[in-house]
Amino acid sequence: MHDGQTHDKKELNSVSEAEKLKQDIYHNIRFNLGLDPEEMNRYECYMGLAYSVKDRLISQWIKTQKACKDTLSKRVFYLSLEFLPGRFLKNYLISLGIEDLAENVLNNLGFDLDSLEEEEWDPGLGNGGLGRLASCYMDSIASLRLPGYGYGIHYDFGTFYQILENGYQKERSDNWMRKGNPWEIIRFENVYKIKFYGRSEPYTDIHGNSRSRWVDTRDVMARACDIMVPGIGDDFVTNMRLWTATSSRNLDLEFFNRGDYMGAVEAKVITESISKVLYPSDEKEAGRELRLKQQYFFVCATLQDIITQYQRDHQSFDGFSSWAAIQLNDTHPSIAIPELMRLFVDEHGLIWDKAWAICEKTFAYTNHTVLPEAIETWPVALLSRLLPRHLEIIYEINKRFIDYLKTQCPDEPELISKLSIIQEGDVQKIRMAHLAIAGCHSVNGVAALHSKILKTSLFKDFNRIYPGKIKNITNGITPRRWLYQSNPGLSKLITSVIGPDWISDLSLLKKLVPLAEDAAFQSQWQKVKLANKKRLTRYALRKTGLGINPDTLFDIHAKRMHEYKRQLLNILHIIHLYNCMNKDEDTDDIRRSFFFAGKAAPAYFLAKLIIKLITSVSQAINQNPETRGKLSITFLPNYCISQAEKLIPAADVSEQISTAGLEASGTGNMKFALNGALTLGTLDGANVEIMEEVGKENIFIFGLKADEIVEKRQSGYNPRQYYESNSELKEAIDMIDSGYFSPGEPQLFKPLIMSLLDQGDYYFVLADFADYVNAQRKVAQTYSDKKLWTKMSILNTANMGKFSSDRSVMEYADNIWDLSPLLE
């Protein structure tokens with residue numbers, strides 16, 4: 001065939017594909033929405049396109065599931081209480097390779113893809129880093145063609161929608177489903193009974209064996225809902241399966257017929273509250289009970305679903321652990337261990353030892369925190385009431401674990417109380433992390449430093465008893481979402497010089513290294529960054545009404561609001577800059593725009609007060625003529641994935657300043673560095689490994705190290721010494737304390753000052769202040785040299801290949817799951 005004929009054929013195919021997509025949009029508007037496509041508005045066009053894209057994904061999903069079934073391949077089930085996938089539309093279009101096609105079709109219909117995407121609400125299925133990591137891993141599981149599925153809860157409402165009222169965080173319901181969700185497939189045939197309450201009843205079976213059954217329960221039904229997760233560039237599509245709680249009885253007619261209409265539906269409403277809200281407040285007993293209900297609800301449904309799939313092709317459970325790997329994403333799903341034991345022993349008649357051997361080989365646990373308050377425990381009394389049979393099973397697991405301890409360490413009786421799954425005290429509690437370690441064949445941390453802390457501190461005795469069980473797999477992020485999709489300008493520039501293969505092999509970014517000092521390439525890099533800054537300023541103007549100069553240094557601190565994340569350290573430095581400018585002192589003549597974004601837990605008083613302090617300082621600075629044009633602060637409300645996709649590509653400086661030894665890994669640090677931001681951070685979490693990859697000369701490190709923090713705690717840390725000896729720090733704190741930023745309420749920020757000066761400054765804000773100020777000075781000096789800054793920015797992106805979630809997931813597959821990709 002001649003070249004001209006080939007070109008004509010390709011063009012014809014493109015036209016026919018465009019026409020088919022257009023007709024599919026029209027068809028779905030007419031027959032799924034029941035509307036006239038000739039009069040479509042933007043939302044209706046979005047829905048028509050969404051259904052058209054989903055149709056293409058479903059066809060590929062069916063092929064993938066058939067291939068998995070035909071090969072009887074081992075598969076992984078990834079259990080996570082939250083997922084944070086972000087908007088689906090562009091992700092799906094990119095995965096299918098039809099983004100440009102869709103853009104052209106939409107343009108011909110009078111719409112554009114970016115504005116259409118704004119019709120999609122961020123799915124409220126997760127809260128922060130834990131959920132986003134789970135979604136990155138699902139993306140990589142699909143892209144690597146690994147047989148794997150995510151399991152979680154289909155929340156009707158996300159954690160909350162954050163607004164600011166007079167600078168205070170206010171929580172509103174995150175009704176992300178208010179217009180429906182075109183991407184989900186409700187599986188009415190996949191419904192399972194979930195039991196709560198009742199009692200455990202011993203009995204003797206027909207073979208004379210002593211057994212137990214769970215009776216007099218209150219039952220809930222779990223209904224499956226699937227959301228597709230496609231790979232990149234081929235036809236592999238897997239899914240997340242999310243569970244919705246439904247009542248076993250829709251309406252109590254006896255109540256209804258008596259005229260008690262509220263009573264008739266009360267049971268239904270109470271039942272369905274299980275999947276209503278992500279992380280209900282646990283301040284009160286009812287909230288704590290609901291959280292435990294959520295955890296058990298989703299693992300019980302998941303394990304029944306997994307066993308149902310397994311039994312279609314297997315007659316016994318002998319091969320279960322060779323067919324299924326179950327990954328517990330933190331301790332939230334660890335109630336799955338006694339639940340699988342219950343199903344094996346009580347429902348399927350396995351003897352204890354055989355059931356336990358299968359469980360141990362099947363489960364693996366990822367730890368995500370070293371914060372004591374985040375290590376999950378549940379009161380024994382609560383389990384006794386809500387899950388009585390599981391408490392019996394946990395006691396039996398613990399008895400056998402203690403017997404094992406006695407044989408392994410006969411001369412160390414103190415280990416029993418330290419490592420027991422049951423924590424004794426005024427209130428007996430179940431230590432869920434201890435349960436997970438005892439019941440899993442593998443435990444992993446999520447960064448080299450974090451895993452070292454697990455082995456040498458938090459779980460050091462477990463590490464001695466189970467040598468080799470605790471491993472490290474450093475977290476990763478998907479380059480498809482966090483560079484290719486969210487930063488199209490930079491992606492096109494990178495592809496223009498090294499080709500497109502980096503999208504599925506991030507290590508290929510190393511090819512950018514020789515271009516780091518190339519003047520022409522640097523110029524293009526700077527243009528992309530400026531364009532991303534302008535996009536963010538337009539977004540910020542729309543969200544806050546504040547105009548921001550894009551020709552300033554963008555310093556961005558975007559993450560969950562928590563004292564250990566040290567937004568307070570950042571704002572103290574900004575106050576210091578403000579004072580220098582008011583005194584006309586040298587501040588390196590660098591104009592800076594500081595951005596904050598992040599939610600505080602509704603009951604976390606000090607974190608919410610830090611938000612109020614940030615907004616109050618922002619108001620004072622932004623209204624001061626002495627600092628206007630030189631210094632600004634913007635707090636962007638309701639931080640979410642779609643907002644992060646605008647913040648991250650625009651950043652010059654990435655604030656990763658947590659107290660050393662407290663951040664397990666972090667993935668925001670990876671996303672910012674991948675997009676060319678320079679990290680200003682402590683040697684905490686994955687910052688350590690980022691420094692190793694990008695080089696010490698291309699990152700700004702400050703502050704006490706993790707071992708120095710421990711040493712200071714033990715020797716006696718006195719924050720007032722730092723306050724008294726540093727005039728710049730004292731001035732900033734005194735301004736806050738005096739009511740300078742809260743003239744109507746001079747005592748407003750007193751609790752923050754007390755936490756720093758009178759309550760020990762637990763997170764070492766004052767100890768790290770001087771070094772942080774010096775690091776910020778180095779940032780300013782470096783930024784003034786555009787060539788040097790751009791070179792460092794390019795080298796950050798070029799050296800981030802290690803932090804792909806593809807690498808992380810393959811390490812899980814090779815070292816924990818024993819899982820192989822399906823052949824194409």
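User: Hi! Is R592 buried or exposed?
Analyst: R592 counts as buried, because its relative accessibility is 3%; buried means under 20% relative accessible area, exposed over 50% and partly exposed in between, with a 1.4 Å probe and protein chains only. This is a predicted model, where local features need pLDDT of at least 70, side-chain atom pairs count only at pLDDT 80 or more, and totals for chains, interfaces and linings use all residues. Residues are numbered from 1 along each chain as its sequence is written, and side-chain values use heavy atoms, leaving out hydrogens and water.

User: Where is the place of R592?
Analyst: R592 sits in strand 18 (residues 592-597). Strands (E, at least two residues) and helices (H or I, at least four) are DSSP runs, numbered from the N terminus. Between the C-alpha atoms of R592 and I548 there are 9.9 Å, with 44 residues separating them along the chain.

User: Thanks! What is the mean pLDDT of the protein chain?
Analyst: The mean is 94, and 96% of the residues reach 70 or more; pLDDT is the predictor's confidence in each residue, from 0 to 100. Over residues 4-12 it stays under 50, and the model has 2 contacts for them beyond four places in sequence. Contact means heavy atoms within 4.5 Å.

User: On to the largest nonpolar core: which residues touch the most other members?
Analyst: Those are F196, F297, F320, F344 and W817, in a core of 207 residues. Helix 9 (residues 285-311) gives the largest share of this core, 12 residues. A nonpolar core here is a set of buried Ala, Val, Leu, Ile, Met, Phe, Trp, Tyr and Cys residues joined through side-chain atoms within 4.5 Å.

User: And what does F320 touch?
Analyst: Leaving aside residues up to four places away in sequence, F320 touches I306, I307, Y310, L340, F344, I358 and T362.

User: New topic. At what angle do helix 12 and helix 14 pack?
Analyst: Helix 12 (residues 352-362) and helix 14 (residues 388-408) pack at about 85°, their axes 13 Å apart. Therefore helix 12 is roughly perpendicular to helix 14, a label for angles of 65 to 115 degrees. W352, D353 and W356 of helix 12 meet I393, E396, I397 and R400 of helix 14.

User: Last one: how many residues of helix 26 are buried?
Analyst: Helix 26 (residues 687-694) has 6 of its 8 residues buried, namely N687, V688, E689, I690, M691 and V694. Their cover includes helix 17 (448-458) and helix 32 (786-798). Just after helix 26, G695 takes a positive phi of about 100°.

How values were computed. Axes fitted to C-alpha atoms, helices over the stretch in contact; angles between N-to-C directions. Parallel < 35°, antiparallel > 145°, perpendicular 65-115°, else oblique.
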